[in-house]
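Welcome! Here is a short briefing to read alongside the sequence and the model. Take a moment to look at both before going on.

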Amino acid sequence: MGDRTLGDRALWDRASGGDEAAFGELFERHAEAVWNHAYRLTGSWSAAEDLTSNTFLTAWRRRADVTLVRDSALPWLYTVAGNAARDEFRGASRRLRLLRKIPDPPVVSDHADAVAERLDGERRLREIVEAVRTLPKSQREVVELCLLGEVSVADAAALLAIAEVTVRAHLSRARARLRTLLEEK
């Protein structure tokens, strides 16, 4: 579509000046990665679509004060998606507490193997997402960026303004804690 030779920094500078085409190129370049990250955070296709839209809306609104890491917009976009996912989770928790007061409708089961596999995979992903949410904030942020978002340790350290050795320590502790939590289930 656009000029793929321009880096994120050049495109972001243009977008900051109001260039919608440059912002569109950034969207085309990173939308799939942001959606994948949002899906890993939520375990839901529709929530990932909403979070991706919300992330790019926030990016457009805040385009003048965005901090790019190593001239890449992706770590910042992942951080926005993670914050939006946590906000949505808190809102969803409140809604669920209200819905629990309403009796559940009768369950109609579908015996198709493909549907069962998909539901089991989504259930497992929800368990992982729940376990990640129980981690201390510093560990959770590193896990969301490095493990779920596949951001490098160096980039995560730069984005979070901490040393790489600290990121590795947080990852190590988080992996051990997640292993324990998930084995208990």
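How far apart do the end C-alpha atoms of residues 126-178 lie, and how much of the span is helix and how much strand? Those end atoms are 13 Å apart, and the span is 81% helix and 0% strand. This is a predicted model, in which local features need pLDDT of at least 70, side-chain atom pairs count only at pLDDT 80 or more, and totals for chains, interfaces and linings use all residues. Residues are numbered from 1 along each chain as its sequence is written, and side-chain values use heavy atoms, with hydrogens and water left out.

**Overall build**
- The protein has eight helices and zero strands, where helices (H or I, at least four residues) and strands (E, at least two) are DSSP runs numbered from the N terminus.
- Its C-alpha trace spans about 55 × 35 × 35 Å along the principal axes.

**What the UniProt record lists**
- An unreviewed UniProt entry gives residues 26-95 as "domain: RNA polymerase sigma-70 region"; its positions follow the numbering used here, feature names are shortened, and annotations may be inferred rather than shown by experiment.
- Residues 26-95 are 80% helix and 0% strand, with end C-alpha atoms 34 Å apart.
- For residues 126-178, the unreviewed entry in UniProt has the feature "domain: RNA polymerase sigma factor 70 region 4 type".

**Two domains**
- The protein divides into domain 1 (1-104) and domain 2 (117-184), with bounds from an automatic or database domain assignment.
- Taken over C-alpha atoms, the centres of domain 1 and domain 2 are 19 Å apart.
- Domain 1 and domain 2 each bring 16 residues to the contact, which means heavy atoms within 4.5 Å.

**Where the domains meet**
- About 1600 Å² is buried between domain 1 and domain 2, with 60% of this from carbon and sulfur atoms; buried area is the accessible area (1.4 Å probe) that two parts lose on being put together, summed over both.
- Two salt bridges are counted between domain 1 and domain 2, each being a side-chain nitrogen of Lys or Arg within 4 Å of a carboxyl oxygen of Asp or Glu.
- Arginine 70 and aspartate 155 form a salt bridge through their side chains (3.3 Å, N to O).
- On the side of domain 1 that touches domain 2, the elements giving two or more residues are α2 (20-42) and α4 (74-99).
- The most comes from α4, which gives seven residues to that side of domain 1.
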